[in-house]
Each structure stands twice: as structure tokens, then as C-alpha cells.
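This report is meant for a reader who is meeting the structure for the first time.

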Amino acid sequence: MSRGIRKTGIFIAVMLTVVVLTGCQIAKKDESGQAKEELYGAYAVVGDRIPDGKIAGVKDKKGFVHFKKIKGYFLYKYMPEKDTVSMDGDPQLTHFNFVSNVDGQMDDKNNITSKEKEQKVKATMYVQETKGIVTTSLGMICKRSDGTVYLKNADGFMGCASVQDFGKGQSMTLNFSSDVGDKKISYEVEFKADHAVRKIQIIEMNKDDVKIKKTAYISPKIKQYQMQKDTAYVIINEQLIGMKGQTINRQKIHSAKKNFTYKWKQLGDDGVLTPTDLKFKK
């Protein structure tokens, strides 16, 4: 295990690493030769630390795991019977990156398969910049031979990081790795501070730079916006949420020669930002 903090100007990077040799006691087997426990996935938490001990969870029909005692995000579903790491994760996780010794293969369910000895999965989670202390945690989800699942900290380590005044441009990275049979699988999540979008104003302009339509400041929770026929470009005035809750104004300009997608980050109750699309149609 290693742990360190690097500072460059206003940027802060916190890296916490833990190497788990036995993980979910995968090496131990029952009388039938089946593993008593196996690594099933990882679980990211913002605003709290994962408690010590084993936290019982419930697996839904899609294979996702939920815990009543702590709110978090199920990162990836490792399925050793299919030798697969699923890309089907939570919408908060973006910039999915699968790393292997050779290029992985994609099956008909958008899962990446590989026969290599080491598999790595990485993800980025956006968090609202905050004045004060922000805590993040990453735990491992284990599945027993009877199908039940539980959440735990990586062996011998809290799997938790905190930073004071988590501002845009700062990040915290948590990761762990575990031996699974003759393979090693690792999970890494980068928590990045960013601004949530509170409201937007849409201004449509024609080719002569004349305003042809202007909206009031609206919530960007709408999924689609219909542009005028003569719109040449669109100005989007954003009201962002700053570190102290203040409003930060920002402007973006998009060409309207064809349909485009405006991307914004929606603020959740736990401070996690969900990347969301607003489609502009001509």
C-alpha cells in the first residue's frame, strides 16, 4: 500500500492504493471445490466512508447491488463465469477505460472479454466543488457461494480519502486490486471536482447575427430543444454552482448548421454530478 499527495499550483491529486492478496477469500474453497467467495465488483461512495465490517447487500435482476446502510454507486460487475468485465455501470461513471495486455474483444452484449492474466477497469466520477471537507470511499463487493453479496473495505485499509475545499481542477483517486484465480483484476476511480449547472438561457441567432429567439433561464432537465429554421448558431448562457453555492456565469456558443448535443452536469443530493445530454434539433 502506498499513499501520497502531490500539489501543483492550485491542483491537488490524492492517490491511495491498496494491493489485496486474498481479497474476498477467493483462494478458499468448499468441499465441492467451488470458491466460497468471489470478487463481484466495486462500490464508490461520496460524502461518507464505508464502515468497517461486512455490509449485507441485495442484488437486483440486472445484477446490480444495493445497500440500505450506505448510498453509493456500483462500478463494474465482474463475472468470472464469463471471464468478463461488464461496461454496464452507473450513469455517473464516464470515460470508461479498459486496459489489458492485448486488445479486448466485444461480445453481443457490449461486454469486453479478455483471456489475459491482468484486467484493469478505470472510471471518472464528477463531484460538485465544495467549501469544506469532501470524503470519498471505494470498497469491494464480494459474492458468496450461496449468491448473497456484501460490501467491505479492502483488507487492512480504510479505502477512504478526504480533502479540504475540493475545488474545480482537483481530484482524488482510489483503487484496489485482487487476485481472482490465476488472474488479477483492479478497479480505479478518479473523483473530480466540477461545477453543476443550475440553469441555462438559450439564445438563437441568424446568419446576420440578429437574435431571433431568447428563452428565460430554465432548468436544463429537458431532454430536447427544437431550434428555429433560420437559426445559424446558438448562445447558451449557463448559471453554474460555485464552491460556496454562489452563481458562476459562463457562456457557450454552438453552430446550428446541424443537430448538436449540449452536455451538462446535474447535481445529486450526495454531491455527485450526473453527466446529462440536451439534444438540439433543427
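## Aromatic pairs

Rings of Phe, Tyr and Trp (for Trp, its six-membered ring) are taken to pair if their centres lie within 6.5 Å, and a pair counts as stacked with planes under 30 degrees apart, as edge-to-face over 60, and as tilted for the rest. The model is a predicted one, in which local features need pLDDT of at least 70 and side-chain atom pairs count only at pLDDT 80 or more, while totals for chains, interfaces and linings use all residues. Residues are numbered from 1 along each chain as its sequence is written, and side-chain values use heavy atoms, with hydrogens and water left out.

By this rule there are 6 aromatic pairs. One of them joins Tyr-225 and Phe-280, a tilted pair with 5.2 Å from centre to centre and 50° between the planes. Tyr-225 belongs to strand S19 (residues 224-226) and Phe-280 to strand S23 (residues 272-281), so that the pair links distant parts of the chain, 55 residues apart. Phe-280 also pairs with Phe-260, and this pair is stacked because the ring centres are 4.5 Å apart and the planes stand at 10°. Since Phe-260 lies in strand S22 (residues 260-267) and Phe-280 in strand S23, the pair ties together parts that are 20 residues apart in sequence. Elsewhere, ring pairs link Tyr-40, Phe-64 and Phe-74 into a cluster.

## Burial and fold

Buried means under 20% relative accessible area, exposed means over 50%, and partly exposed lies in between (1.4 Å probe, protein chains only). Phe-260 counts as buried because its relative accessibility is 12%, and Phe-280 is buried with a relative accessible area of 0%. Tyr-225 is buried as well. Of the 282 residues of the chain, 47% count as buried.

The chain has 0 helices and 23 strands, where helices (H or I, at least four residues) and strands (E, at least two) are DSSP runs numbered from the N terminus.

## A charge over a ring

Lys-265 lies over the face of Tyr-126, at 4.6 Å from the ring centre; for this, NZ of Lys or CZ of Arg must be within 6 Å of the ring centre and within 35 degrees of the ring normal.
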